[in-house]
Every structure is written in C-alpha cells, then in structure tokens.
Amino acid sequence: MNLRSVDLNLLVVLDALLTERNVSRAGERIGLTQSAMSAALSRLRELFDDPLLVRFGRGLELTRNAEELIVPVRETLERIEQTLSKKAHFDPAENTRSFSISASDYAVLVLLTPLVRALATEAPNVTVHLLPRARDPGRMLQTGQADLVIEPSELFGDAGYPSTPLLSDRWLCAADAQHPHIAKDCLTHEQFLKLPHLVYGIGMDRQLNLADQRLSEMGIQRRIQITVESFLLVPFLIEGTPLISLVLEREARALHSCSKLKLFEPPIALPDIHEAMYWHPRHTNDPAHAWLRNRLRDVAAALV
C-alpha cells in the first residue's frame, strides 16, 4: 500500500468506528456528519478490502479483520498525538485534554466524585469520560478505550500494567433499619444464612464481587434472591424488604443519609478490598496523564 495515496485522516474515522461500532455515535465522537462517516466507511472498506462493520440484528458487529485492527490503530494514533503535542509539562489551568476512566459505580462515588469537583475549578478545559467497569479491564487499556482503569487489585491480578494503590475498604452487612427478623444490633451466623440476599454481579455471567467470591470458595450456601449490576443501588433495593446484602463501608457511609439502613459486622470474616489505578505503559511519561494520576492519588490520600 502506497501511503502517499492514503488519507491518514481515515485512521481517525476508523478508530472511532472500531470503538463505537455505530456510524452515528462514531461521527459524534469526532465531529463528522453521518453522511460523511458513511462515505469514509466506504473508502475504508475499499482500502482494507473488508466490510469492517456488518449488520447483526439491530446493530453492527466488527469483522475479524476489524477486531485485529483495534489495538494497532489506537496505538498508532496515540503515538502521533503524543509526538505532535509533546510538551515539557502540562498546565491543567490552561491546556486542553480528554481522558477516559473505567470504574465501578462504587469507585465513581468514593474516588471520582471528589476528583470531578476538584477538576471543575482546577482544570476547566479537561474533559473526563467516566466509563462503566469492564469485564476485561486489561483490554480496555490495551485498546485505548480507557486511559485509566480503577479496579480492586485482587480482581485485576498481575497483568503487567503499571499501577498505583488508592484505597482499601472493608465489608459490612446492610439491612433495613426496621428489619422484622433482626431485633438486636448484631447479625448472627444463622440469620446470615437464612435471610434472602441481594448480591452485586457484573456482566451476563454475573461475576461476583470479592466478598461473594470468598463465600462461594468457602462453600457457604445462602439464599440469593436478587442480583444487580450496581453497588449504589443496593441500599435502595433492600430498604423496606427482608433482604440483606454485603456492602463496602465507604459506600455505605456516603449513602447512609439517603437510606434507612442498619449496618452490621459480617458474622463471617471477609478480606478487605484494595482499589488501585492501572494504565498502559505507553502513557507513563505523558505529562498530562502523569498529572491526572497524581491528582487522583492526592484525592485518594485525602479520603478519611
């Protein structure tokens, strides 16, 4: 392929299409009309001799060739962007930058809410896209879909990505304050096993949180009545019901004024979680990315 005959702006279009898998959303991402995006897609299909996006049900799916293009196209564009915008430092008060952070709603509440408040005044030209937690956070970093991933280190594992610890938290049991079967200020082992549970899970396969994983590993059988893919909805769903649930203390403390709940020490010892931020090594020496990491670390250090 002769690069002199190729419009390299098509790489930007291709990256948006590979990320969004939707022509309209991809156009909105890079500021092009749907007709312009459709024309660019036709040129890309001719260039790669591949349809790239094919109709499946009501949406579009990537072809195998398109899936293999995600990482090299993203890495190529990021190298070009870093080369063209090379600066000795990043000034958040003046410079423009966009970041994507993947995190659970728990991490958004506890860590990213104070970060957003700080950036509103400190970095008026910085845009932060908050993305939901992914089943495969490493791939989010590899493909450039996320600049940072906030994830419990126990779940992320040793994938070789640079990381910084942010905070730890412990598990508590939560129940409605007027729960008819919990009369005292403690939850017994027997009650824990008998009462219906609401548990947090992620994805179609309902990946369990660390506490529920530990209980499963211990062979402890409970009556799971409800599952939900949101930490923050748990207090509101159990209010006024006989349900109990395992919640994180920082989350419960932040939401306690919104919910009429009682909190109990779990009758079974459970390990703490340790949230950390992860990034791809290609960002390590980027001044703007380093600034964001340092700012997030400062926010975490200031939490009580």
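Predicted model: local features only at pLDDT ≥ 70, side-chain atom pairs only at ≥ 80, totals over all residues.

Me: Which residues of α1 and α2 meet, and what is the hand of the crossing?

Reply: From α1, Val 12, Val 13, Ala 16, Leu 17, Thr 19 and Glu 20 take part, and they meet Val 23, Arg 25, Ala 26, Arg 29 and Ile 30 in α2. The residues of this contact divide into 7 nonpolar, 1 polar and 3 charged.

Me: Why is the pair Asp 15 and Arg 74 called a salt bridge?

Reply: The closest N and O atoms of Asp 15 and Arg 74 are 2.8 Å apart, and a salt bridge requires a side-chain nitrogen of Lys or Arg within 4 Å of a carboxyl oxygen of Asp or Glu, so the pair qualifies. Asp 15 is in helix α1 and Arg 74 in helix α4, 59 residues apart, and the pair therefore links distant parts of the chain.

Me: Is Asp 15 buried or exposed, and what about Arg 74?

Reply: Buried means under 20% relative accessible area, so Asp 15, at 7%, counts as buried, and Arg 74, at 11%, is buried as well.

Me: What makes Arg 64 and Glu 68 a salt bridge, and where do they lie?

Reply: Their side chains meet at 3.8 Å, N to O, which is within the 4 Å limit. Arg 64 and Glu 68 are 4 residues apart in helix α4, which means that about one helical turn separates them. Both Arg 64 and Glu 68 are exposed, a word that requires over 50% relative accessible area.

Me: How do you know that Arg 97 is partly exposed, and what is its partner in a salt bridge?

Reply: The partner is Asp 286, with the closest N and O atoms 2.6 Å apart. Asp 286 lies in the loop between β13 and α12 and Arg 97 in strand β3, so the pair ties together parts that are 189 residues apart in sequence. Asp 286 itself is buried, at 11%.

Me: How many salt bridges does the rule give, and which residues do shared partners join into one network?

Reply: The count comes to 15 salt bridges, and those that share partners join Glu 20, Arg 25 and Arg 29 into one network.

How values were computed:
Residues numbered from 1 in each chain as written. Heavy atoms only, no water. Helix = DSSP H or I, 4+ residues; strand = E, 2+ residues; numbered from the N terminus. Buried < 20%, exposed > 50% of the residue type's maximum accessible area, 1.4 Å probe, protein only. Contact = heavy atoms within 4.5 Å. Nonpolar A, V, L, I, M, F, W, Y, C, P; charged D, E, K, R; others polar.
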